[in-house]
Amino acid sequence: MEVQRLVDAYIIGLGDNTDNAELRATLVTQISGGDISLLDLVQALGEYLASEEASRRSKGVNVLSDVLADLPEEAIPAIATSKLVQFFSARLADATCVPHILTAVLALMQQPSFTGKFTTDILGALLREVHVQSFQYSTRRAAYQLVDLAIQRHPEAVAKMGDDFVLGYAQVLDGEKDPRALMLAFQIIPKIAALVDIKNNAEDLFEVLFCYFPITFKHREGDPSAISPELLKAALRSAITCSPYFGDLAIKPLIEKTTAAASSVKVDALETLAAGAHVYAPELFKAEMEVLVEQIREDVMMAADDAVVNAALGTLETIYGVLSPPTPVPNDPFSEDANMGDSSTPLDYVLKEAVFQLTADEVKNPEQIGKILRAVARSSTYNCSVVSDAVLPII
């Protein structure tokens, strides 16, 4: 039989590392033209797919994967898609076949006949059966691409997987080291947070994610496929700040990172806090503002690095803007009390020290004090009013 001869030659070529492009094109042409069917191909591969020898099983799936990747949409009938999904879902437990299965599934997922039910079956098998981090980069990349494509094409099916999906994805990501794979993995997390209620597994997902912060690696000069540190850092920041459920897990460790000796780490932590200000609950920031303001004040007063100073002031402005009431409050006791006694407002942490310094016999660091006050005043109309009422009479 012609198809059996082609399959056997293909398998031999795989063993000899021969270029099988011509054989693959012939199989694709014959299936597309109706000379043979996908069922004929699977039957011809039967002895390889069912072999007890791992390498033969892998080669059999390799052939099937190569052909599926090149077949046009109309050459894969709905019944074939259904049967292949069942087969691939079961075979994901076979580690030797996983790399080729993922390639084949990525091709099948582009088919109109690939349903939400198929998505659930494949994703469930991937998260349950495959230890993704035990494979080479190309296979790990395919796993992330599969998850991303599932979210894109069948979001309802992914959302229904709920906690199992969130926890499963955390396990997939855990231990990833390649910047190219991390870029994909980080970009998926905000999509998950927007689609699935991550509340029950937020801590598991965050712990895996935050172990990468701050992310540092050397860019490979001259490599067009290399991921830049800036892009990867931005992707990680977007992931860390994508959900309010990460707030109580992120704010304290991020503030701790602002005390780091390295300026790059300080800036990264400050900018991530600023990004989180629009997502995390304001009450979480209020509880930590005294510590954060003290650290920002120290960084601005030392003024050793312009990047740190700018990040510190920008973060201060952003967070105070989020914490501020929308408009000035008439007869606000805080703005009327220049001595600023006991008060619960977060503005205390800036204004008390500023007033103390500005009323001293010798004013030290007036420029730095002014920068801090300006950052707070710029954050909102209300804060501008309070800062002006407290400071201008002294000046």
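The predicted model holds 17 salt bridges, a salt bridge being a side-chain nitrogen of Lys or Arg within 4 Å of a carboxyl oxygen of Asp or Glu. Side chains of opposite charge can pair when their charged atoms come close. Because this is a predicted model, local features need pLDDT of at least 70 and side-chain atom pairs count only at pLDDT 80 or more, while totals for chains, interfaces and linings use all residues. Residues are numbered from 1 along each chain as its sequence is written, and side-chain values use heavy atoms, with hydrogens and water left out.

One of these pairs sits within helix H8. Asp121 forms a salt bridge with Lys117, and the closest N and O atoms are 2.8 Å apart. Both Asp121 and Lys117 belong to helix H8, where they are 4 residues apart, or about one turn of the helix; helices here are DSSP runs (H or I, at least four residues; strands are E, at least two), numbered from the N terminus. For accessibility, buried means under 20% relative accessible area, exposed means over 50%, and partly exposed is anything in between (1.4 Å probe, protein chains only). Lys117 counts as exposed because its relative accessible area is 54%. Asp121, at 28% relative accessibility, is therefore partly exposed.

Another salt bridge joins the side chains of Arg128 and Glu129, at 3.4 Å from N to O. Arg128 has a relative accessible area of 57% and so is exposed. Glu129 is partly exposed because its relative accessibility is 38%.

Glu271 and Arg237 also meet through their side chains in a salt bridge, again given as N to O, at 3.4 Å. This pair links distant parts of the chain, with Glu271 in helix H15 (residues 263–276) and Arg237 in helix H13 (residues 229–240), 34 residues apart. Arg237 counts as buried because its relative accessibility is 17%, whereas Glu271, with a relative accessible area of 35%, is partly exposed.

Glu203, Asp204, Glu207 and Asp248 form a negative surface patch. Patches are made of residues with over 30% relative accessible area and no salt bridge, like charges being joined within 9 Å and nonpolar side chains (Val, Leu, Ile, Met, Phe, Trp, Tyr) within 5 Å. Lys and Arg count as positive and Asp and Glu as negative, with His and the chain ends not counted; the place of a charge is taken as NZ of Lys, CZ of Arg, CG of Asp or CD of Glu. The areas themselves come from the Shrake-Rupley method with a 1.4 Å probe, and for residues only the protein chains shown count as cover. Helix H12 (residues 202–210) gives the most to the negative patch, with 3 residues. Glu203 lies in helix H12, and it is partly exposed because its relative accessibility is 47%.

Phe213 and Pro214 are joined by a cis peptide bond, with omega at about -5 degrees. Pro214 is found in the loop between H12 and H13.

Two asparagines have positive phi values. Asn17 is not a glycine, yet its phi is positive, at about 55 degrees. Asn17 lies in the loop between helix H1 (2–15) and helix H2 (21–32), and counts as exposed because its relative accessible area is 71%. Asn365 likewise has a positive phi, near 55 degrees, in a residue other than glycine. The loop between helix H20 (348–358) and helix H21 (366–377) holds Asn365, which is partly exposed because its relative accessibility is 37%.

Ser134 is another loop residue, placed between helix H8 (116–129) and helix H9 (137–153). A polar atom of the Ser134 side chain lies 2.6 Å from the backbone oxygen of His131. With a relative accessibility of 46%, Ser134 counts as partly exposed. Ser134 and Gly175 are 41 residues apart in sequence, and their C-alpha atoms are 9.7 Å apart in space.

Leu167, by contrast, is in a helix, namely H10 (residues 155–173). Leu167 is partly exposed because its relative accessibility is 31%.

Definitions and conventions
Polar contact = N/O pair within 3.5 Å; in protein donor to acceptor, adjacent residues only side chain to side chain.
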